[in-house]
Amino acid sequence: METEAQDKVFDVAVIGSGPAGMTAALYAARAGLDVAVFERITPGGQLGQTEHIENYPGFPDGINGFDLAFSMKQQADRFGAQNIGEEVLSVDFEASPKVLNTGFGTYRAKSVIVATGAKPRKLGLDLEEELQGRGISYCATCDGNFFKDRDVVIVGGGNTAVADAIYMARIARKVYLVHRRDTLRATAIYHKMLEEIDAVEFVWNSGVKELLAKDGMLGGVLVEHYDTGEVEEINCSGLFVAVGTEPNTEFLGGALALDGGYIVADESGHTSVDGVFAAGDVRTKALRQVTTAVSDGANTAEGAAEYLAS
């Protein structure tokens with residue numbers, strides 16, 4: 001099927017299949033446009049790795065992130081969006097039609113919606129790469145069960161870090177939540193939930209300074225307390241990093257204007273190139289949530305339809 005897809009020109013190529021990409025594909029396909037969705041792995045993006053979503057409208061008891069992502073994909077599929085399981089490695093947005101290159105071939109489209117999302121930001125410490133998958137993780141719901149009845153450290157103070165702490169408190173023996181400030185950035189509902197969990201210990205005004213390896217695995221961390229300068233060793237088997245994200249824009253190779261790595265785009269998703277739109281966490285915006293990603297997807301699909309009609 002991919003060979004046939006390389007021989008045609010799609011109306012809309014959607015790069016990425018998180019909430020923004022799936023919504024864009026749904027709206028564009030439902031509008032009668034010929035849509036291709038490019039995704040290197042399973043659909044859903046970060047949503048697919050989230051255990052429980054409580055703030056997505058329409059689900060009063062919350063919903064599993066993977067289930068929500070899969071439902072979005074099924075809905076887009078039902079209206080005819082074609083899935084191409086290949087990663088886009090480079091683009092040529094100056095060409096007409098626009099060109100997308102993967103490791104398996106070249107595809108063409110009249111318009112493009114970039115919805116590649118963001119990836120977890122790393123700490124940038126020595127041994128971090130070597131110990132990834134050997135005690136260091138960026139997804140508690142993915143890897144948490146490997147640390148049953150063990151001590152773990154979580155770094156961060158936002159919603160993701162706190163949700164990870166709550167999740168790991170059901171699995172691990174002890175959870176240390178290390179945050180560089182003396183208050184959490186997470187929303188108030190999480191504060192109340194944490195107050196009721198004895199297994200979580202806060203380590204305020206602090207940051208992980210060094211990783212300690214033992215027999216090729218993570219054995220502990222050195223934590224610096226910023227207010228006193230004291231360095232403390234915490235023995236742990238797992239370290240979950242939740243200190244923000246970085247946009248997946250390397251493949252663009254300067255094809256679009258960026259701001260801090262994020263694609264410069266307005267509220268309708270228009271970028272610096274006509275016929276190219278950006279949706280979801282990959283674009284400049286104030287709030288990065290599933291709801292805003294879905295909104296972006298709908299806006300960019302409408303924008304692509306208007307561009308094609310003109």
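Me: What makes 8-15-9-10-11 an open sheet, and what is the sense of the pairing?

Reply: Here 5 strands form an open sheet in the order 8-15-9-10-11, with parallel pairing. Strand 8 (136–137) and strand 11 (200–203) sit at the edges with a single partner strand each, so one side of each has no neighbour in the sheet. By the way, this is a predicted model: local features need pLDDT of at least 70, side-chain atom pairs count only at pLDDT 80 or more, and totals for chains, interfaces and linings use all residues. Residues are numbered from 1 along each chain as its sequence is written, and side-chain values use heavy atoms, with hydrogens and water left out.

Me: How do you know that strand 8 and strand 15 pair?

Reply: Two strands pair if DSSP finds at least two bridges between them. Strand 8 and strand 15 (residues 238–241) have 2 bridges, in the parallel sense, so they meet that definition. Ser137 stands opposite Phe240 in strand 15. Strands (E, at least two residues) and helices (H or I, at least four) are DSSP runs, numbered from the N terminus.

Me: Why is the set with Val12, Val14, Val35, Met72 and Ile113 called a nonpolar core?

Reply: The name goes to buried Ala, Val, Leu, Ile, Met, Phe, Trp, Tyr and Cys residues joined through side-chain atoms within 4.5 Å. The largest such core has 30 residues, and those five have the most contacts inside it. Helix 2 (19–30) is one of the elements that supply at least two residues, and helix 2 gives the most, with 7 residues. A second, separate core of 24 residues includes Ala36, Ile84, Val88 and Ala265.

Me: What does Val12 touch?

Reply: Contact means heavy atoms within 4.5 Å. Leaving out residues up to four places away in sequence, Val12 touches, among others, Ala28, Val35, Ile113 and Leu308.

Me: What makes helix 6 largely enclosed?

Reply: Buried means under 20% relative accessible area (exposed is over 50%, partly exposed in between; 1.4 Å probe, protein chains only). In helix 6 (residues 159–169), 8 of the 11 residues are buried, so the rest of the structure largely encloses helix 6. Among them are Ala161, Asp164 and Tyr167. The buried residues pack against partners including helix 5 (140–143), helix 7 (188–195) and strand 15.
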